[in-house]
Amino acid sequence: MGDKHVVRFEPVGIEIEVDEDQTVLRAAAEQGVMLMHGCKEGQCASCKSFILDGDDVELERYSTFALPDFEKEEGFTLLCRAHAYEDLSIELLNYDEEMIHSGLPIQTAVAEVVANEPVTHDMRHLVLKLVEPAALKYFPGQYLDFAVPGTDETRSFSMAGLPTDGHLEFVVKIYPGGLFSQFLDTGVAVGDRLEVTGPFGVFTLRDAPGAPLVFVGGGAGMAPILSLLRSMAARGGEVAARRSTFYYGARRKQDLCFEAELHGLEQALPAFTYVPALSEPGDDDWDGETGLITDVVRRHETDLAGADAYVCGPPPMVEAALELLPALGVADKRIFYDKFTTTGDE
């Protein structure tokens, strides 16, 4: 371990100790401070902040799309990549007062594979049973880091289930050459054990009684949204009664999954509607919505003022949704999103 330094976050007035060997984001998470973040790899800019005082900060490798050189020179930084070598004062540009004190302890766990089954031609339903410890607390919508055996690398996947029975459930897209997904496709069998760490992420259901909910997903973005919907059904009451719509985009009919459960949730959640859409229906026997999922949202929704929106899926879909939703009336601070990244080929 290296020396420790004090990092103070403004305007919330929270101070933490950060070891030089840790990123600022990781240190905050370990101390129960839930800062806004996404990929933890310096690619999404969710954790971008401004250094008010102190300049001895080093960054691990990051994307200049997330932090252009001119912004770094002005004093901006990425908390998921930043190591502090002196006391710092940092202005949080993007924070959620509901979430900031709600952090759960980060744990490393060993889990056994109980299912690794295809749900489409290129997505797997991975189910693990916790071995040690026997339980892991998380909020629906969060994700875990998987250690990739034989490497020093980790990969992140959102949980689709609920933290109730010692099982962890994921929907993982298989990419040719993907460091973990290729391993999952060819090298993971029932009974194998995997190491996971978490929870991470702020893609969690905010308390906003009466506010409509709009979910927009694609690909493996199914996982955290399914977790949120399942949690709404489990909680019942006002949460289950919120008007909610899930727009899910796929290319072909064969790319849809969890259809029976989602239509079943339309019965369990009295104000919920599931709207799947195909962008390339081809010769499929399909009489549902067609086109890009953001175009479908635009056709269905004209006024989303007062709504909360949750967006998860491939980066192009997320970017399109982030442009569309404010134009339909969703406040920027009420748009919550996860943008997936991959080491494989699309």
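Biologist: Hi! Before we dig in, what kind of model is this?
Modeller: Hi! This is a predicted model.

Biologist: Good to know. Let's start with the parallel sheet: what is the strand order there?
Modeller: The order is β17-β16-β15-β14-β18-β19, in an open sheet of 6 strands with parallel pairing.

Biologist: And which strands stand at the edges?
Modeller: Those are β17 (289-290) and β19 (335-339). Each has a single partner strand, so one side of each is left without a neighbour in the sheet.

Biologist: How many bridges join β16 to β17?
Modeller: There are 2 bridges between strand β16 (residues 272-278) and β17, and the two strands run parallel. If you want a pair to look at, T290 in β17 is the bridge partner of L278.

Biologist: Nice. Which strands does α6 lie across?
Modeller: α6 lies across β15 (244-250) and β16, and it runs at about 145° to β16.

Biologist: What about α8, which strands does that one lie across?
Modeller: Helix α8 (residues 315-327) lies across β14 (213-218), β18 (308-313) and β19. Its direction is at about 160° to β18.

Biologist: Switching to helix packing: at what angle do α4 and α6 pack?
Modeller: Helix α4 (residues 222-235) and helix α6 (residues 259-268) pack at an angle of about 30°, and their axes are 10 Å apart. An angle under 35 degrees counts as roughly parallel, so α4 and α6 are roughly parallel to each other. As for handedness, α4 passes α6 in a left-handed crossing.

Biologist: Which residues make that contact?
Modeller: From α4 you have M222, L226, L229, R230 and A233, and from α6 there are E261, L262, L265 and A268.

Biologist: How does that contact split by class?
Modeller: The contact of α4 with α6 has 7 nonpolar residues, 2 charged ones and no polar ones.

Biologist: How about α7 and α8, at what angle do they cross?
Modeller: Helix α7 (residues 293-300) and α8 cross at roughly 25°, with axes that come within 9 Å. That makes α7 roughly parallel to α8. Here α7 passes α8 in a right-handed crossing.

Biologist: And who is touching whom there?
Modeller: On the α7 side, I293, T294, V297 and R298 make the contact, and on the α8 side M317, A320, A321 and L324 do. By class, this contact of α7 with α8 has 6 nonpolar residues, 1 polar and 1 charged.

Biologist: Change of topic: what is the strand order in the antiparallel sheet?
Modeller: That open sheet of 6 strands goes β11-β10-β13-β8-β9-β12, with antiparallel pairing. β11 and β12 stand at the edges with a single partner strand each, so one side of each is left without a neighbour in the sheet. On average, neighbouring strands of this sheet are turned by 40° against each other, direction ignored.

Biologist: How many bridges are there between β10 and β11?
Modeller: Strand β10 (residues 143-147) pairs with β11 over 5 bridges, in the antiparallel sense. F146 stands opposite R155 in β11.

Biologist: Last one: where does G161 lie?
Modeller: G161 lies in the loop between β11 (154-158) and β12 (167-173).

Biologist: Is that glycine buried or exposed?
Modeller: G161 has a relative accessible area of 6%. The cut-off for buried is under 20%, so G161 is buried.

Biologist: Which residues does G161 touch?
Modeller: Leaving out residues up to four places away in sequence, G161 touches Y138, E169, S227 and R230. R230 is also one of the α4 residues in the contact with α6. The C-alpha atoms of G161 and S231 are separated by 8.5 Å, although these residues are 70 residues apart along the chain.

Conventions. Residues numbered from 1 in each chain as written. Predicted model: local features only at pLDDT ≥ 70, side-chain atom pairs only at ≥ 80, totals over all residues. Heavy atoms only, no water. Axes fitted to C-alpha atoms, helices over the stretch in contact; angles between N-to-C directions. Helix = DSSP H or I, 4+ residues; strand = E, 2+ residues; numbered from the N terminus. Parallel < 35°, antiparallel > 145°, perpendicular 65-115°, else oblique. Left-handed = near helix turned anticlockwise from the far one by under 90°. Contact = heavy atoms within 4.5 Å. Nonpolar A, V, L, I, M, F, W, Y, C, P; charged D, E, K, R; others polar. Pairing = 2+ DSSP bridges. Buried < 20%, exposed > 50% of the residue type's maximum accessible area, 1.4 Å probe, protein only.
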